[in-house]
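Have the model open as you read along.

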Amino acid sequence: RLGAGLTVDPALTVVAAGTSLPELATSVVAAIQGQRDIAVGNVIGSNIFNLMIVLGSAAYVSPTGLDVPLSALTFDLPVMLAVAVACLPIFITGLRIDRLEGLVFLGFYGVYTAYLVMDAANHRALHALQDGIFYVALPLTVLTLGLAAIRHRRGPDDSSG
């Protein structure tokens, strides 16, 4: 729970997954075919379009505007900010996301989804998951990003350990 009866809305993830499946399929196919620019551009372009055009248009035509749930401000927005910060070293250290980094992002999405479901169900293991995120996932992320930076600094030709 996020405190004071505030919970996250798992419907947000269900809707996001449903509307993003075409982008996922397009990006996966493009990556498999070696068209990585299309894969990355599709994801980034879709997110920018959804945030600015779709959300902006909906707010513009709504007679009363759009209410932003408090949980979006206290949970989802910090998660999005953390993901953006996690991307910075990856983009700086070679402008690519390797398989290991992709696996980390997939894992975090799984943890994020599990958190939403457990919070909505008021599951008794939610606090254990929160502790796991804070004491295991965050340090592992920092370690992974650090290793990626070190690997980039050594360069592709340095195979010595």
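## A glycine on a helix

G56 is partly exposed, its relative accessible area being 33%; the label covers values between buried (under 20%) and exposed (over 50%), using a 1.4 Å probe and protein chains only. You will find G56 in helix α2, which covers residues 36-61. Helices here are DSSP runs of H or I with at least four residues, numbered from the N terminus.

## How to read the model

This is a predicted model, in which local features need pLDDT of at least 70 and side-chain atom pairs count only at pLDDT 80 or more, while totals for chains, interfaces and linings use all residues. Residues are numbered from 1 along each chain as its sequence is written, and side-chain values use heavy atoms, leaving out hydrogens and water.

## Aromatic pairs

How many aromatic pairs does the structure hold? There are 2. In Y109 and Y112, the ring centres are 6.3 Å apart and the planes meet at 40°, so this pair is tilted. Rings of Phe, Tyr and Trp (its six-membered ring) pair when their centres lie within 6.5 Å; planes under 30 degrees apart are stacked, over 60 edge-to-face, and the rest tilted.

Both tyrosines, Y109 and Y112, sit in helix α4 (residues 99-120), 3 residues apart, or about one turn of the helix. Y109 is partly exposed at 41% relative accessible area, whereas Y112 is buried at 17%. F134 and Y135 make an edge-to-face pair, with 4.9 Å from centre to centre and 85° between the planes. Y135 is exposed, with a relative accessible area of 58%.

Note on methods: Helices (H or I, at least four residues) and strands (E, at least two) are DSSP runs, numbered from the N terminus.
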